[in-house]
Amino acid sequence: MAHTLPDLPYAHDALAPHIDARTMEIHHGKHHATYLANMLKALEGKPELEDPIEKIVGKAGELGGPVRNNAGGFLNHNIYWTCMAADGGGDPAGALGEAVAAEFGSADSLREQLTAAGLARFGSGFVWLILKDGKLKVVSTPNQDNPLMDVVPAEAQGIPLLGIDVWEHAYYLNYQNRRPDYLKAFWEIVNWNSVGERYESAKSAAG
Ligand code: MN3
């Protein structure tokens with residue numbers, strides 16, 4: 001299986017002023033590309049190189065630290081780009097909207113929980129909305145860990161639906177150390193349609 005860097009689903013400046021074009025250029029063209037390059041190096045000669053990225057990430061414990069960090073970094077950014085859109089924002093609709101209302105009370109309450117998890121993540125990592133045992137759950141993981149990994153704590157394992165990058169490289173040029181401002185801005189560009197599509201396919205895969 002050929003692993004390639006996906007194009008951004010929008011122009012570099014599409015998310016401005018919430019996320020600036022220079023951040024997107026470096027984040028996608030340098031950071032994301034480097035995770036992919038280092039993942040390919042770490043998997044050189046291994047049969048797992050032929051596997052889909054989700055399967056590789058699921059075996060992170062067995063495949064070792066460089067695969068954990070770089071395959072995680074590759075998949076996490078694949079997800080993160082699709083969680084944003086120039087015309088994003090608002091509240092989730094459809095089946096996801098109903099599940100959010102039933103399980104969190106409101107979209108505001110879900111946003112509050114995701115924001116709190118992002119502020120509580122010390123250092124670098126990701127905040128996630130996952131599907132776990134048929135239910136929605138807010139979790140966070142350090143570094144480039146992903147909820148699909150066998151090595152993350154059981155309570156943080158699940159199918160990732162929404163991922164928010166809280167590494168400083170995701171926001172430093174625009175916001176410097178102000179992670180709260182970045183997380184507030186994220187809600188103006190969140191792509192609930194794409195999160196909702198992942199939710200529906202995860203639900204139907206689970207039967
Ligand atoms: Mn990043």
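Buried means under 20% relative accessible area. Keep that cut-off in mind as you move through this predicted model.

**Stop 1: the manganese ion.** Select the metal. Its protein donors are His27 (NE2), His77 (NE2), Asp165 (OD) and His169 (NE2). They lie 1.9 to 2.2 Å from the ion. Along the chain, the donor residues follow the spacing H-x49-H-x87-D-x3-H. Now look at one pair, His27 and His77. This pair links distant parts of the chain, 50 residues apart. His27 sits in helix H1 (residues 21-42), and His77 sits in helix H4.

**Stop 2: the two histidines.** Is His77 buried or exposed? Its relative accessible area is 0%, so His77 counts as buried. Select His27 next. His27 is buried too, with a relative accessible area of 1%.

**Stop 3: Asn78.** Stay in helix H4, which covers residues 65-82, and select Asn78. Asn78 has a relative accessible area of 18%. That is under 20%, so Asn78 is buried. Which residues does Asn78 touch, not counting those up to four places away in sequence? The answer is Pro6 and His32.

Stop 4: Nonpolar side chains tend to be buried together in soluble globular proteins. Here, the largest nonpolar core has 59 residues. Helix H4 gives the most to this core, with 7 residues. Select Met84, Leu129, Leu136 and Leu162, the residues with the most contacts inside the core.

**Stop 5: Leu162.** Zoom in on Leu162. Leave aside its neighbours within four places in sequence. Its contacts then include Trp128, Leu129, Phe186, Trp187 and Trp192. Cys83, Leu114 and Val127 are also among them.

Conventions. Residues are numbered from 1 along each chain as its sequence is written. This is a predicted model: local features need pLDDT of at least 70, side-chain atom pairs count only at pLDDT 80 or more; totals for chains, interfaces and linings use all residues. Side-chain values use heavy atoms; hydrogens and water are left out. Helices (H or I, at least four residues) and strands (E, at least two) are DSSP runs, numbered from the N terminus. Buried means under 20% relative accessible area, exposed over 50%, partly exposed in between (1.4 Å probe, protein chains only). Contact means heavy atoms within 4.5 Å. A nonpolar core is a set of buried Ala, Val, Leu, Ile, Met, Phe, Trp, Tyr and Cys residues joined through side-chain atoms within 4.5 Å. Donors are N, O and S atoms within 2.8 Å of the metal (3.2 Å for Na, K and Ca); water is not among the atoms, so sites may look incomplete.
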